[in-house]
Amino acid sequence: MTTRLYDYIITVSNAASFTNGNNFIGLSSNTYAYIANVNTVTNNIKVKVNNVFQEFVVGESVVSTHYKISNTAIVDTILNFTGTTSFTVPASVIPLYDTELSLYIGGRVQPRENWKYYSGNNTITIANAPTGDLVIRRDTGNVYSPSYVSSALSLGNAQNSSSTVITAVTNSPFIRSKNAFTQPPIVRLFTFYYPGEWYPPNEKGNPGGSGAGLSWPADIPWRIAEVIGDIHSDLYYNVSFGGENYVAYPMETDGIGTSSDGTIDRVTVRVSNYDNLITNFVENPYLVGNVTSNSAVGYVNGELVSGLDPATVIGHSAYNQTIVDTYYGKTNVAWSYERAVSAGETWKNLKYDSRDFLGGVVEIKSTFASHLQYWPEHSKIISLDSNLIQVYNSAPYRLGDIVATTTSNSQVSVVSILDDNYLILSNNISNAANEQNLFIVNPEYDPEAYIKDVFKVTELSALNENFAEFVLTSWLQYFKLQLPKRKFYKNTCQWEYKGSECQYPGPNGGPIPGTFPVLNANTNPITTGNEIGVSATEDECAKSYQACKIRNNVIHFGAFPGTGRQVPKQ
């Protein structure tokens, strides 16, 4: 599923009325576009046009239109709204359900997460509210039902933003790089999400779907990058893009192409398994889970989520910096299995067969090195003396480069290069320190300049001491009917424990259905480690042949012992 990037940077006289994801309409040229990004400081709006034969014109007025589909629309207005945090809803638009209401201030729709309706006293509280005329709109009917069909759609159902004027139109620098005779190195940014049922992430980057309200497992999302077309690659490349850091990794990726019938070809990704790093990751049977008690809530990416290790939650009475440094390397993190075991907690898997990463989702963003936040190559600072800096290697730097560290609050330029390891800068670089990386700032850094493809992991086709090889299928094509429906694992049962296929009646004994002579269930609870448990809450199947054997239930074992590659044992 390839997503085209934006086409133009539109400069307007006032961008305050526009929002990411809305449409963008030229009133003279009748050009329609999708808003990819809004910068209210520079008044720049990045847009993707809906039709290649249309284009915006400097000097024309533009608006953003929000459509609501409903049987009846009732509108009331509060003039010159002052941005107060709470107000009373006019009687004419008091709703039956709060989902019937929409708010517009100054012609701009107000996101639902910013306000809340209270039916008890018919008031609305709103956060971060601008000033201007407030329009309260009530749309009758369940407009959020997938099967809902309006009896009428009229111009009265459209709410326009305030009009502004285009002052400049600039082509996308990404397209300029793509069409250049000599291209900068191509960078592929891989983000692995697991489990796939928690994808796509919400607007905060946290899990959606069945994982809503939780944090991703420790070390997920996993972000790695491939730099293509440079003279050489380096594990110490810096790959920063869109506020995220990716580890530059030795890897090979097939081209992302389309077959003659329009489907996206399967893609093979071969990743170095240096020091068994990939093995330890993809063969972890406890990747997705949590402890049965003693979890905390905390903020991750600005959102309050649950299931966190209390020792990592800043402000919690159990916070422990040593544990953060030893197990996680960051704060506000979901429990890991290793940490749960060391703390004496009872671990419960939230998903079986997490090994091999099957069913995971992979986002691949393709961009150019010139659009990363920093140029990939860099060196480290040995010493600082005013504006003279000694680095380990001056080769990555050129005269005029803007350089910075992660802690410096100023950007200075390189005015001279001495020998192989000295740089003279235009000014002191504040808050820099020895052994920090000295990055080259990309003047064309553009976090929206990329093409995105989304895939599902359908196979781990190879795993050895040298590399791991994943087979990816297009996210959309994955949902087509696939045969066989079951995965042929050698030693991992795919049945739901005690479900209709498993039929295990235990613990506390009981006859095993289908056995003759009749076998009885184990009278003890059995843990995922195939050991005797203390209480029924610890009775959890390890999904292995040994787990079935202990329970006298091998007749219902839901795997295929006679097949080839096996999922590693727990």
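# Reading rings, cores and sheets

Biologist: How should I read Phe87, as buried or exposed?

Modeller: Phe87 counts as buried, at 9% relative accessibility. The term covers residues under 20% relative accessible area; exposed means over 50% and partly exposed is in between, using a 1.4 Å probe and protein chains only. Phe81 is also buried, with a relative accessible area of 5%. The model is predicted, so local features need pLDDT of at least 70 and side-chain atom pairs count only at pLDDT 80 or more, whereas totals for chains, interfaces and linings use all residues. Numbering runs from 1 along each chain as its sequence is written, and side-chain values use heavy atoms, without hydrogens and water.

Biologist: How many aromatic pairs are there?

Modeller: Rings of Phe, Tyr and Trp (its six-membered ring) pair if their centres lie within 6.5 Å; planes under 30 degrees apart are stacked, over 60 edge-to-face, and the rest tilted. By that rule there are 19 aromatic pairs. In one of them, Phe81 and Phe87 have ring centres 5.5 Å apart and planes at 75°, so the pair is edge-to-face. The pair of Phe192 and Trp222 is tilted, with 4.7 Å between centres and 40° between planes.

Biologist: Which strands hold Phe192 and Trp222?

Modeller: Strands (E, at least two residues) and helices (H or I, at least four) are DSSP runs, numbered from the N terminus. Phe192 is in strand E16 (residues 186-193) and Trp222 in strand E17 (residues 222-228), so their pair ties together parts that are 30 residues apart in sequence. Phe192 is buried at 1% relative accessibility, and Trp222 is buried with a relative accessible area of 14%. Both belong to a cluster linked by ring pairs, together with Tyr194, Phe281, Phe357 and Phe470.

Biologist: Which residue has its charged end over the ring of Phe467?

Modeller: A charge sits over a ring if NZ of Lys or CZ of Arg is within 6 Å of the ring centre and within 35 degrees of the ring normal. Arg270 places its charged end over the ring of Phe467, 4.1 Å from the centre. Lys365 lies over the face of Tyr450, 4.6 Å from the ring centre.

Biologist: Which residues of the largest nonpolar core touch the most other members?

Modeller: A nonpolar core is a set of buried Ala, Val, Leu, Ile, Met, Phe, Trp, Tyr and Cys residues joined through side-chain atoms within 4.5 Å. The largest one has 32 residues, and those touching the most other members are Phe190, Ile224, Val271, Ile278, Phe357, Phe470 and Leu472. The elements that each supply at least two of its residues include E16, E17, helix H2 (277-282) and strand E33 (451-463). E33 gives the largest share, four residues. Apart from this core lies another, of 15 residues, among them Val12, Val38, Phe56 and Val62.

Biologist: In what order do the strands of the barrel close?

Modeller: Two strands pair if DSSP finds at least two bridges between them. Strands of a sheet pair through backbone hydrogen bonds, either parallel or antiparallel. Here six strands close into a barrel in the order E27-E28-E31-E30-E29-E32, with antiparallel pairing. Strand E27 (residues 379-385) pairs with strand E32 (residues 437-440) over two antiparallel bridges, and Ser379 stands opposite Leu438 in E32.

Biologist: Where does parallel pairing occur around strand E19?

Modeller: E17 and strand E19 (residues 244-248) pair in the parallel sense over two bridges; Ala225 has Ala248 in E19 as its bridge partner. Strand E18 (residues 238-241) runs antiparallel to E19, joined by four bridges. E18 and E19 form a hairpin with two residues between them, and Gly242 in the turn has a positive phi of about 60°.

Biologist: Which strands are the edges of the open sheet?

Modeller: That sheet has three strands in the order E8-E12-E11, paired antiparallel. Its edges are strand E8 (86-88) and strand E11 (115-118), each pairing on one side only. E8 meets strand E12 (residues 123-126) over three bridges, where Phe87 has Ile124 as its partner.
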